[in-house]
Amino acid sequence: MTQLELASDCSRCFGLCCVLLPFRAESGFGEDKQSGTPCGHLGADDGCGIHDDLRDRGWPGCTVFECFGAGQQVSQVTYAGTSWRESDNLGEMAAVLSVMRQLHEMLVHLTEVGRTSPSPVAARLVERITTMTSQPPEAVLAIDIDELLAEVSAELRSASARIRGEAGTDRTGADLSGHDLRDVPLRLVTLRSALLLGAGLSGCDLTGTDLLGADLRGADVCGADLSGALFLTQPQVNATRGDADTRLPDGLSRPGHWG
């Protein structure tokens, strides 16, 4: 089975996120843009003309976004190296990219299960989804993504329970935006889909904390130990405010805006 790349490599993508995805200025993208319209900062070489100054220029949303490798997969495999510049099927490509990104994100989480709490179910899902990612556009678009998400979600929940045991508190979906959580025990807590916008997590130990889908935009994680957090992704990290003392899981990078 081919080992997929599960992190973006913009050098092998045709700037798909800059063309196929819609932007909203209120979401940190500098201006509104419709799907299928190339960003005005996209160069002829498919590179970003303001990449080094995105946050200063009012485009923090771009620094948070991560395709999990779906961009290069769609560019180089699904469409066999044929750029959107040479096609008239931008609507189809946008739909394929959306599905592919979800497939790759599922694989990111299932790969983590394979490292931390392996199971036959997770292994079979990885094999199935990996096969799906190499299919032609029409087959990718025929995937019942909702059914697949339900299967993957059930396995991730099972893996989380295996790792955390019965010790943790369940705060799934809790709105903790702006809360100072520095003195709140968070080890082994379930914070799935929780709202943690601007929350104070400085110095917190989040070992075994389930952060699947948690909204961490603007959260202060300076000095926090996230190295053992469950299902934490690069986009979530990119949205936080951290420092040199913040500990991250293996495979995740420190955002440039942390300084």
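The model is predicted, so local features need pLDDT of at least 70 and side-chain atom pairs count only at pLDDT 80 or more, while totals for chains, interfaces and linings use all residues. Residues are numbered from 1 along each chain as its sequence is written, and side-chain values use heavy atoms, with hydrogens and water left out.

The protein chain contains 8 helices and 0 strands (DSSP runs numbered from the N terminus, H or I of at least four residues for helices and E of at least two for strands). The chain is as compact as a globular protein of 259 residues, because its radius of gyration of 19 Å is close to the 18 Å from the globule rule (taken over C-alpha atoms, the rule being 2.2 Å times the number of residues to the power 0.38). Along the principal axes, the C-alpha atoms fill a box of roughly 55 × 45 × 25 Å.

Helix 3 (residues 70-78) is largely enclosed by the rest of the structure, since 7 of its 9 residues are buried. The buried residues of helix 3 are A70, G71, Q72, Q73, V74, S75 and T78. Their cover includes helix 1 (16-20), helix 4 and helix 6 (137-141). After helix 3 comes A80, which has a positive phi, near 50 degrees.

V189 lies in the loop between helix 7 (145-164) and helix 8 (234-238). This residue, V189, is buried, with a relative accessible area of 5%. Apart from neighbours within four places in sequence, V189 is in contact (heavy atoms within 4.5 Å) with R164, G168, T169, R171, G208, T209 and D210. From C-alpha to C-alpha, V189 and T78 are 39 Å apart in space, and they are 111 residues apart in sequence.

The second largest pocket is lined by 24 residues, and E112, R115, L232, D250 and L252 lie nearest its centre (a pocket being an open set of points on a 1 Å grid over the protein atoms alone, where a 1.4 Å probe fits, with protein on both sides within 12 Å along at least five of seven lines, and lining residues having an atom within 4 Å of a point). Helix 4 (residues 90-116) gives the largest share of this lining, 5 residues.

Notes. Buried < 20%, exposed > 50% of the residue type's maximum accessible area, 1.4 Å probe, protein only.
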